[in-house]
Amino acid sequence: MAITSSEVRGLVFGVLLFSLHLAEGDLSYSFSEEMRRGSVVGNIAKDLGLDVSKLSARKARIDAEVSNKHYFEINIRTGDLVISYRIDREGLCGDKASCVLKQEIMLENPLELHRVNLHVQDINDNEPIFPKDIIKLEIRESTDKGAKYRINAAHDADIGQNTVQSYILQQNPNFVLNIQTSPGRKYGELVLDKELDREEQQELKIILTAVDGGSPRRSGTVVIHVTVLDANDNAPVFTEAVYTARLPENSPLKTAVITVSAADADDGINGEVTYDFSRLSDQSQTLFSLDSKTGEIVVTGNIDYEERSKYELFVEAKDGYGLSSEAKVIIDISDVNDNAPLIYVKSLSNPIPENVSPGTEVGIINVQDRDSDNNRQVRCSVQQNVPFKLVPSIKNYYSLVTAGQLDRELVSDYNITITATDEGSPPLSSSKTVQLSVADINDNPPVFEEQSYSAHVSENNKPGSTLCSVSARDRDWRQNGTVIYSLLPGEVNGASVSSYLSVNGDTGVIHAVRSFDYEQFRSFKVHVMARDNGSPPLSSNVTVSVFISDVNDNSPQILYPAPEGSSFMTELVPKAAHGGSLVSKVIAVDADSGQNAWLSYHIVKATDPGLFTIGLHSGEIRTQRDISESDSMKQNLIVAVKDNGQPSLSATCAMYLLISDNLAEVPELKDISYDEKNSKLTSYLIIALVSVSTFFLTFIIIILGVRFCRRRKPRLLFDGAVAIPGAYLPPNYADVDGTGTLRSAYNYDAYLTTGSRTSDFKFVSSYNDNTLPADQTLKKSPTEFADMFGDSDASPEEIIPVRIRFKVKLMLLMITSPFSE
């Protein structure tokens, strides 16, 4: 249960500072018994000058000083004191003239205690009742006129005017009624007004009615049965008019209380006396009995001083023929220490926040002992091993306050045992355990189990795969201890960190959002935050380092010569080439790293397997022996480039070599067959090709025009030189002389012609020291070129040296080949 800051402030009265308001005078209310439940007795808010709107906040309530039964309650909306339980004055106070209920009104924040005396007024709710339904009298016929016979008084549980006020005797020829008054009651005397004649009437039945003074009046009747006999002169006489006895409470059953005695001066049956209770309450009937022969009163029930401290009994002594007298017996009950103190928790703030200061009041304890005098003096304490103590407040109230700092993470619940001991002999004690829970305050941030975390993942991982997990613990409880994980904002390689990783907010498991590429980056760091759900929330951060390991996922890429199908490239090898001469070089790179990027070169197929060899790691193609006349002019090589990964990846390329010293010996080469698949190009590609071709033709015409104006001779085709292999590298690669996958730099001359079906020829010469000299590869005059391309209409001036890059040559090849057809 959450406690707001306002409730906490309400709990804190200061360090043992209690604002105590003592009532200057007791409140007093009078009301009638038997009022209905909910009836208003008075308005305590008005009479005490209290603010009605604050009664609820101050926990206004009413308690009895002794009894546990709650007869009243406070309407906190109106401040009215209302009856909550039926009140019977006779049941509470018996025949006492005054019936007062003592109550206490308690308020908190600050603590106030007001005493209220509630006087219960009697109403006429009980009718008079005679001790017996039939009163039997035996009277001799010789009895003189004026003889008196006492009739036991009728009992009315009400008091004052509501008790018995008069008696009415049924009309009869022999008797009249005299009403006598004794302290506290009235009784009747039956007076013989006319002598009896047994021969005329042997018995009489007369109805006597007792009437009270209430409104409306209530009455009770008894039948007086008179049997006519012979004379009886004397009534029994008690030795004392009032007998007194003292009886300890809890006396065993059949304990003798007192013996009453009466004597009769008559002889025989007229002098035999019997005893009986003439008037006895219902409660007393269960507690005492009277021996009709001996007059001994003994205990027959449980005598409890706390229930009643005094009993009054009336004993009648009757002789054999109906003459009687009455005596009063007063029994005082003495208190015995038989009641242990009772502990009541009147108010308890539960749970209490762990950050309350020492001295904060958390509960109000009331201790009561039903005994009297020293037996009800009580000492109260708590055990020593808890950070709480009891501070005496007012009367029999104690405040339960904190005695030290609380920490829920150390102890979350307290069982506080309160012990109360009275001053009786022997002393009695009782205990009550109060359970207090400590409410959590968000005072602990989440703590990661490790100072930093590392995750290792291979590249090309699947998106959503798990990298690692982080875990943090929060010592707080419930939402204050619930940890939520999140990634702190940041960038990795220029992109948001959330585009690379995600973390499960509940479990801390870190997942990859995308597939990683070792060639882009090899490691990165992110920061994960663990935050609790408290208010305000607390958090902590941890660094997670992600390391990406390389996988052999990149095949070698051949830069030179171009892959098969993209161009038709031919190298010229002079017939005079010696063994070991550099003919060409295969250049390849691998985007992987380490052993995955170690490349090796192999000739997998050759027209003449023994003529050429290739360097295992350099890719240089050299002659193994001197070229002979018997060697085929056309030499085709298929070169495979493999990396050192597991499994190994490879790429192949074709190298076309012509063994010839001059172009005249070179037969007309046919273009690479046009790929039938190109016929399926979309209309957009055709438009693009036409546009490029138009631009290229325009460019050629401008060049020719400029040259014609200058009237200069065309330069030989041999004067131009272009470096092809080193001119182009894909953006993902870099080459440094002597390092990486390009072990050395090479330069080559490339020559093209326009307007010829053989324009895809490429004549290459190396600029390196150990390559064949250019004058031994291509030394052709314009006329020789014209003879070799005799089927073309091109003039020598149209043979133009062009310095190009590798990709430009491919574009020219693709453009000129379709149009030359």
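Predicted model: local features only at pLDDT ≥ 70, side-chain atom pairs only at ≥ 80, totals over all residues.

Visitor: What makes β23 a partner of β24?

Guide: The requirement is again at least two bridges. Strand β23 (residues 310-318) and β24 are joined by 9 bridges and run antiparallel, so they pair. K318 is opposite S324 in β24. In the hairpin of these strands there are 5 residues between them, and G322 there takes a positive phi near 100°.

Visitor: Why are β17 and β20 called edge strands?

Guide: The open sheet of 4 strands has the order β17-β24-β23-β20, and its pairing is mixed. Both β17 and β20 (274-279) pair on one side only, and they are the edge strands. From one strand to the next, the twist averages 35°.

Visitor: Which strands stand at the edges of the sheet that contains β26 and β28?

Guide: That open sheet also has 4 strands and mixed pairing, in the order β26-β32-β31-β28. β26 (352-353) and β28 (378-382) each have a single partner strand, so one side of each lacks a neighbour in the sheet. Within the sheet, β31 (residues 413-422) and β32 (residues 429-439) pair in the antiparallel sense over 9 bridges. Y414 of this region stands opposite L436 in β32.

Visitor: What makes a group of residues a nonpolar core?

Guide: Its members must be buried residues of listed kinds, such as Leu, Tyr and Phe, joined through side-chain atoms within 4.5 Å. The largest such core has 29 residues, and those touching the most other members are L467, Y485, L501, I510, F516, F524 and V544. Strands supplying at least two residues each include β42 (523-532) and β43 (539-549). A second, separate core has 27 residues, among them F130, I139, A153 and Y187.

Visitor: How do you know which residues F516 is in contact with?

Guide: Contact requires heavy atoms within 4.5 Å. Leaving aside neighbours within four places in sequence, F516 has contacts including V457, L467, L501, F524 and I548.

Notes
Residues numbered from 1 in each chain as written. Heavy atoms only, no water. Buried < 20%, exposed > 50% of the residue type's maximum accessible area, 1.4 Å probe, protein only. Axes fitted to C-alpha atoms, helices over the stretch in contact; angles between N-to-C directions.
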